Amino acid sequence: MSQTIKAAIVGTGFIGPAHLEALRRIPNVMVTGLVEVNQELAEEKARLLGIPNAYTFEDMLKVSEIDVVHICTPNFLHYAQAKAVLEAGKHVICEKPLAVKIDEAEELVSLAKSKGLVNAVHFNLRYYPVVRQMKTMRESGELGEVYAVMGSYLQDWLFLQTDYNWRLEPDKSGDSRAIADIGSHLLDITEYVTGLKITEVMADFSTVHKTRLKPLKAIETYSGKMLSMDDYEEVPINTEDHATVMLRFDNGSKGSITVSQVNAGRKNRLNIEIAGSKSNFEFNSERPNELWIGKRESANQHLMKDPALFTPEAAGLISFPGGHNEGFPDTSKQMFKEVYAAVRTGKQPDSPSFPTFADGLRELIIGERIIESNKKQAWVKI
Ligand SMILES: NC(=O)c1ccc[n+]([C@@H]2O[C@H](COP(=O)([O-])OP(=O)(O)OC[C@H]3O[C@@H](n4cnc5c(N)ncnc54)[C@H](O)[C@@H]3O)[C@@H](O)[C@H]2O)c1
């Protein structure tokens with residue numbers, strides 16, 4: 001493989017450009033190709049984003065110098081696109097969710113394994129240094145036995161009846177929305193940090209807006225463009241705006257998560273509190289440089305992100321000295337550093353440090369059991 005690894009990005013709405021920006025901050029990686037829904041848009045976006053080549057998806061697959069493909073399209077396209085990329089012999093970084101159905105994700109896991117290609121799912125929130133800090137402190141015993149987990153992931157970008165996005169359409173997004181879209185990050189972090197496995201779930205969903213006003217013109221996620229009332233049609237909504245899920249873990253402990261896309265003022269707030277027998281950890285993604293460590297018999301601690309104070313593994317995800325805040329865009333950069341180190345070796349590591357297709361499958365399985373539990377209004381085993 002040449003010294004500079006060449007990559008292509010498929011889909012350039014909200015998250016595609018975030019992948020691009022992260023890749024531009026990694027040495028010896030170059031995004032040389034872009035794919036969009038049609039060639040005309042691909043060329044326009046390539047010009048805007050400063051990417052040399054615009055391709056159709058099929059033509060991009062034929063370009064031998066492209067080693068890695070980032071899939072940043074709506075959920076229903078992930079399976080077919082990830083499969084085609086692997087079959088073309090390229091490494092793949094897919095957005096979450098890995099697919100919309102478990103059997104599709106299973107097929108991708110086994111195809112990636114048989115090809116030996118690098119495969120990753122962009123669970124980038126694992127790459128907040130504080131999240132790695134909590135994980136490594138738990139591993140070294142500083143949390144103690146996990147008593148309970150309390151998590152929430154709250155947003156407000158679907159608060160109004162006029163807020164609309166392809167995520168509201170199950171044929172594009174899948175049968176779950178808030179859980180699949182943001183709950184998946186929270187559940188991934190819960191298992192990642194605690195080292196526990198969720199064994200049973202009991203879910204209760206609500207759809208606050210039973211109908212929404214769908215714009216008759218396409219708008220990109222978070223673009224906040226304004227339309228007049230004549231530009232909308234009223235459509236029924238059948239996925240959850242809000243969900244509460246009780247959790248049981250394999251060590252016998254319990255937890256709960258609340259996920260909502262209709263909480264005014266909560267822009268993008270993942271909060272996790274893990275109660276252990278030695279300490280209590282709390283992390284909030286809107287204040288990502290701080291870790292609160294609760295104590296019973298001494299003063300509580302407030303640990304600021306600082307490579308000099310973090311465990312070596314967590315310090316490895318920090319690029320700036322203490323007090324120089326890092327945030328959401330840095331998570332993808334840190335994740336891609338690990339993924340591209342694997343790409344450089346040409347194959348998936350035996351024990352990857354980054355989230356893989358297997359992790360993507362795990363989240364689909366948990367998500368599907370959560371949907372089933374809400375339908376049955378009963379506990380469901382994972
Ligand atoms: N990891 C994260 O933090 C995070 C954050 C946001 C979104 N996401 C995931 O990223 C994916 C995209 O979300 P988004 O918010 O960027 O959506 P978006 O609607 O803003 O962008 C989607 C892009 O895909 C393009 N597209 C659609 N069909 C295509 C096709 N057939 N070929 C090529 N391009 C096509 C669209 O034109 C658009 O530019 C989703 O799966 C979402 O779950 C992840």
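**Exercise 1. How do β11 and strand β12 pair, and over how many bridges?**

Step 1. Find strand β12 at residues 254–260; β11 and β12 pair in the antiparallel sense over seven bridges. Two strands pair if DSSP finds at least two bridges between them. Strands themselves are DSSP runs (E, at least two residues), and helices are runs too (H or I, at least four residues), numbered from the N terminus.

Step 2. Look at the hairpin of β11 and β12, which has four residues between the strands. Gly252 takes a positive phi near 90 degrees there.

A word on the model: it is predicted, so local features need pLDDT of at least 70 and side-chain atom pairs count only at pLDDT 80 or more, while totals for chains, interfaces and linings use all residues. Residues are numbered from 1 along each chain as its sequence is written, and side-chain values use heavy atoms, with hydrogens and water left out.

**Exercise 2. In what order do the nine strands of the open sheet stand?**

Step 1. Read the order as β16-β15-β14-β13-β7-β12-β11-β8-β17; the pairing is mixed.

Step 2. Check the edges: β16 (301–304) and β17 (380–381) each pair on one side only.

**Exercise 3. Which residues of helix α1 are buried, and against what do they pack?**

Step 1. In helix α1 (residues 15–24), the buried residues are Ile15, Gly16, His19, Leu20, Ala22 and Leu23.

Step 2. These residues sit on the same side of α1, because they cover an arc of only 165 degrees around the axis. The arc is that of the directions from the helix axis to the C-beta atoms.

Step 3. Connect this with a general rule: an α-helix has 3.6 residues a turn, so residues three or four places apart point the same way.

Step 4. The packing partners of the buried residues of α1 include β1 (5–10), β2 (29–35) and α10 (328–345). Here, contact means heavy atoms within 4.5 Å.

**Exercise 4. Where do Tyr128 and Phe283 lie, and why is their pair tilted?**

Step 1. The structure holds one aromatic pair. Rings of Phe, Tyr and Trp (its six-membered ring) pair if their centres lie within 6.5 Å; planes under 30 degrees apart count as stacked, over 60 as edge-to-face and the rest as tilted.

Step 2. The rings of Tyr128 and Phe283 have centres 5.5 Å apart and planes at 50 degrees, so the pair is tilted.

Step 3. Tyr128 lies in the loop between β6 (119–121) and α6 (129–139), and Phe283 in strand β14 (residues 280–284), so the pair ties together parts 155 residues apart in sequence.

Step 4. Tyr128 counts as buried because its relative accessibility is 4%; Phe283, at 0%, counts as buried too.

Conventions
Buried < 20%, exposed > 50% of the residue type's maximum accessible area, 1.4 Å probe, protein only.
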